[in-house]
Each structure stands twice: as C-alpha cells, then as structure tokens.
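Me: I have a structure to look at and have not seen it before. Can you take me through some of it?

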Amino acid sequence: MRLLPVNLDALLVELDDLPQTLALLASLQERPIAGVDELVPAARTILVRYRPAAVSAAALAKDIAGRRLDRQVERAGTRIEIEVDYDGEDLDEVAQILGATREEVIAWHTGSDYTVAFTGFAPGFAYLSGGDPRLDVPRRKTPRTRVPAGAVALAGTFSAVYPQASPGGWQLLGVTHTPMWDLAQAVPALLQPGFRVRFVDAARRPPRARTAAHAVAPAVAGTAAPAPGMAAGPAGAVLEVRNAGLQAVFQDLGRHGQAGQGVSASGALDQGALRAANRAVGNPCDAAAIEIVDGGFELCSQGDTVLAVAGADGPLHLVAPDGRRWPQPRGQALALSDGDRLVVGAPRAGVRSYLAVRGGFAVAPVLGSCATDTLAKVGPDPIRTGDRLAVRPAVRGTVGTPELAPGDLPTAQDIVVLDVVMGPRTDWFTPEAVALLAQQLWSVTPQSNRVGLRLAGEQPLARSQPAELPSEGTALGAIQVPASGQPVLFLADHPLTGGYPVIGAVAPHHLDLAGQIPIGARIRFNPIRPFAPITP
C-alpha cells in the first residue's frame, strides 16, 4: 500500500490489485473515519477526500494503513443482462490485436459474467471487471471526441457502457439500447457496485425477443430536468431573461455524496462569489444563483424583486421602463420594480458573475442540488433567452449583508500565480518536466470551459513512465497531463475518474481564483509542497 498526496484535503491510496481495493473500500464503508467526506474507488486506488479540521493526513494514513486487505467482499445478488448489437467501429481492430476473429471476440465478451467494480467518469458509467482474461486491450492512442450513447467498450481488462454521448478512448465493440442512467428512477444508475452483468449478443436472440428488448427504453441517457422557466413555484414575481449571454446556468455549492453513481459535485466555480451574492440579498449561502460567463446578460423584473450580483468586476446597470439607465454597485442588494431591467456587462476582470434573488429561484433540484453539470448533463437545463424564472417569496424580516467588491481579479493580460500541491503522479514525469511545470508560463486556451482550463506551454511535459495508467479518481483542481504533454486544470465539471497522470493539484485556497481566469491569461504554478508519499 502507498498513500500519495492529492491536495491539502485529499489523498490517494494505491493498492496492488482490484481485490485489495474492494476490500479496503468495504472496510472504510463499514467503519468510516470521522472527517472523511467522500471515497472514489478505481482499479487499484481509492481517492479519499477529507476535512483537515476534523482529521489530519497523518492520522488518516495511520488508520487506513492498519486496515486488512485480504478479506473477500461479498457480491450483490443482482444480475443484469445487457443486449448488444456487436457492430462497433473497433471490433475488427480488437480482433486483430488479440489475434482472433470477430466471432471469437464476441464469444469471449458474452461468455461469462462481469462484476461492477466501481463507477466513475460519467453518471451511470460502470467499470466492469472479470470476464474472459483474453480480453485485454489498450485504450485508443487518440481518444474520440464523441463516443455514441450506449456504446459497449473495452479498455485494459475492463468493459463498460457509455451512458451518454461523450469523448472517450475505449475500444468500441457494439451498442446497446438498455439505459444505464435514468433520472426517472429512484436510483438513476442501472449498474451499482457489486452487481453482476452478462452481455448478450442481440443477433443470437429470436426476432420477437430482440424487438421486446429494444423497446424497453428508446433513450439511453435520460438526464433531462425541468426547464428553469417551468419549475413549479408559487405565484408571484418572475424574472424574464431578455439575453442569456454566452452561458448562464444555475449553480449552488454542489452535488456532494453521489460518487457511488459516478456523479461529481459540480457547483459554482467561484464559491466565494456565490456566497457573497446570496448574503447580499439575505439568502442562505448555499442557495442557487445564476452563474453568468463573460456578461452580456439581461433580465426584466415582473413584479418587485431584490437582486445582487457578485464575482467578476464589470459594469452593472439598472434600466427603468422608460429607458433611463443608472450604474449599480456589485455585491449589494438592488431593488427592482415591475418592468425594471438589470444588465450585466462584459467583465473588466474575472470571467464569472453570480446573480442571486431574495427568496431564491423556484428551480427543481436534481439529486439534491440545483447545480448544472455541463459535462455529465445532470441538473437544470442551461438558461436561455426568453426563459421566465419564478422567484420564491422571501422570508419576512430578511436582511442582506453588503459585500465588498473582490480585488485583484485576473485579466487576459495578467500572469496568475496558483499554489500547487505536487502529486499523486509526479513521479510519472521526468525531473525536467517537474521543474518545467513551475518555471514555464501556461496560456489559457479558448478550449477551456467549466470542465477545465486547457493550457498551452512552449514545451510539453515529458513522462518518465510510458505505461498506461489505470483509471483513478480525480480531484477538483487536479492538473492532468494527457499524451500531448499540455496540461488540463480540472474545474467543477471534471470527470470523477481519469486515465492520464496528475502531476499536481491547485490548492483549495486558489480554486475560486482559478474559476475566474479568462481566456488568454497566463498561469504560473507555484509548488507549495514537494511530492512525497505520506508516511503512516
């Protein structure tokens, strides 16, 4: 067992194999450690996220190191059959890699049961272990930008079904019409850890049985939530969106505790700004607000409302029904009368603004949160021009607290310094690459979004280990380095697990700042803790 640093509030437990991982996971679930908030198991690792105020890394490591790893974990009795049309794009290539025929690959894939070892990457995405040991193939050298929903795939010794269309580098064998993820169900993920799974060749089923099986669910990934303007709310004030801008989505503090279904937390990229906007109007700090990217957002109050905008620094104007216009301060409560409009202009510094309304938005939560996860497609739909957003009535006596405008928000011309904790896979890179991470400036490219900041440097980061890394949990702020050597800084909508090594992670106290870095700005990473395994 090795215990590796991930961040100031997370560590990675590395084990010898999957049975040890499952044994430790079962032990930590049966006898939880006070202060541990989340466990993300993978092929040979468990990511442990904890609260440093409740438990130290040393105490956590000592407890984990004392756990037994030789127990046999009981499997759930549930067995799921998944019918597959074996016509995948990579079936012939997989057969060639294995020195087999298409028919032999299909026979091996359908010949024995798999077990759901763990979940991750995307909601409902289950890593299936077991199966025929001859099915051991590498990921594709170049991942696809889009894998279709329902694709049945291989990577290493694992099998999986993509619940929805997404990027991916696994080898595609075929497709199924069985839904892996359905929010209409009490438990949205079809496959849960411990379930047994058997793949069935659709071509070998009688036509009548095949028709019935395919009629079960025409949609593979049903993650639709009620549209924001249609959320059930009390009769009263409404905010009509006149211009939604580049991107406007509902966000709160996140969807925590759903890792078992492959769902990451998501939530506001600048959580301090979200709290500030809510405090200004007298809401609970975790109430849902609108996250606005790059301004260009306008709404009209139908009825009397009280709003506040915090986050990025930029113009904010109140426009009366007769066209008169007044500049407004950010971070303070603004009273709008019926017909008044609020216009959020393009930021001078920072990227994201947060708009809160007194009483809160009448938006339906999904899995306990109103956060919109743009990668996983979980949560309320993005806000569109023309949407009518219902407002809940405010609690009587509500008093807001004005917030000071944040200072030193970055512009596109700035160099932003981010503190970094090295690990857990720093030792997968050459010493020159580790030094280069801090010495070189990294430009934020236009491909950046809520999933992560895609960075470009003059020199790529070179690895010392060419081996393929088994998928493992990824933390908010992780700096993952794909084969190109150009890092990706994971933000709130990052996948729960990933297969590229993470050289370090942005420290928690700089995560809000990372969420405000605009396209074109440059980043300098400042390692505050050198890489070293944690000693129990």
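Reply: What follows goes through a few strands, helices, aromatic pairs and backbone details in turn.

Me: What kind of model is this, and how are residues numbered?

Reply: This is a predicted model, in which local features need pLDDT of at least 70 and side-chain atom pairs count only at pLDDT 80 or more, while totals for chains, interfaces and linings use all residues. Residues are numbered from 1 along each chain as its sequence is written, and side-chain values use heavy atoms, with hydrogens and water left out.

Me: How many bridges join β6 to β7?

Reply: 5 bridges join β7 to strand β6, residues 114–119, and the two run antiparallel. Strands count as paired if DSSP finds at least two bridges between them. In one of these bridges, Val 116 has Leu 128 in β7 as its partner.

Me: And what sits between the two strands?

Reply: β6 and β7 form a hairpin with 6 residues between them. Phe 121 lies in that loop, and its phi is near 70 degrees, a positive value in a residue other than glycine.

Me: How exposed is Phe 121?

Reply: Phe 121 is partly exposed, with a relative accessible area of 22%.

Me: Where is Ser 266, and what is its phi?

Reply: Ser 266 is in the loop between β17 (247–251) and α6 (271–281). Its phi is positive, about 55 degrees, although Ser 266 is not a glycine. Ser 266 counts as buried at 6% relative accessibility.

Me: Which residues does the cis peptide bond join?

Reply: The cis bond joins Gly 423 and Pro 424, with omega about 0 degrees. Pro 424 is in the loop between β27 (415–422) and α7 (431–439).

Me: Aromatics next. How many pairs are found in the whole structure?

Reply: The search finds 11 aromatic pairs. Rings of Phe, Tyr and Trp (its six-membered ring) pair if their centres lie within 6.5 Å; planes under 30 degrees apart count as stacked, over 60 as edge-to-face and the rest as tilted. Among the pairs is Tyr 127 with Trp 170, edge-to-face at 5.6 Å centre to centre with 65 degrees between the planes.

Me: What does that pair tie together?

Reply: Tyr 127 is in strand β7 and Trp 170 is in the loop between β11 (166–168) and β12 (171–175), so the pair ties together parts that are 43 residues apart in sequence. Tyr 127 is buried, with a relative accessible area of 3%, and Trp 170 counts as buried at 6%.

Me: What about Phe 250 and Phe 361?

Reply: Phe 250 and Phe 361 form an edge-to-face pair, 5.2 Å centre to centre with 65 degrees between the planes. The pair links distant parts of the chain, 111 residues apart: Phe 250 is in strand β17 and Phe 361 is in the loop between β25 (349–357) and β26 (388–390). Phe 250 is buried at 1% relative accessible area, and Phe 361 is buried at 4%.

Me: Which residues form the aromatic cluster with Tyr 127?

Reply: One aromatic cluster is formed by Phe 118, Phe 121, Phe 125, Tyr 127, Phe 158, Tyr 162 and Trp 170.

Me: Switching to helices. Which residues of α4 are buried?

Reply: In helix α4, residues 102–110, the buried residues are Val 105, Ile 106, Trp 108, His 109 and Thr 110. They pack against α3 (91–98), β6, β9 (151–155), β10 (158–161), β12 and β14 (196–201). Contact here means heavy atoms within 4.5 Å.

Me: At what angle do α3 and α4 pack?

Reply: The angle is about 90 degrees, with the axes of α3 and α4 9 Å apart. Axes are lines fitted to C-alpha atoms, for helices over the stretch in contact, and angles run from 0 to 180 degrees between N-to-C directions. α3 and α4 are therefore roughly perpendicular to each other; angles under 35 degrees count as roughly parallel, over 145 as roughly antiparallel, 65 to 115 as roughly perpendicular and the rest as oblique.

Me: Last one. In what order do the barrel strands go?

Reply: The 7 strands close into a barrel in the order β27-β34-β31-β32-β29-β28-β35, with mixed pairing.

Key. Helix = DSSP H or I, 4+ residues; strand = E, 2+ residues; numbered from the N terminus. Buried < 20%, exposed > 50% of the residue type's maximum accessible area, 1.4 Å probe, protein only.
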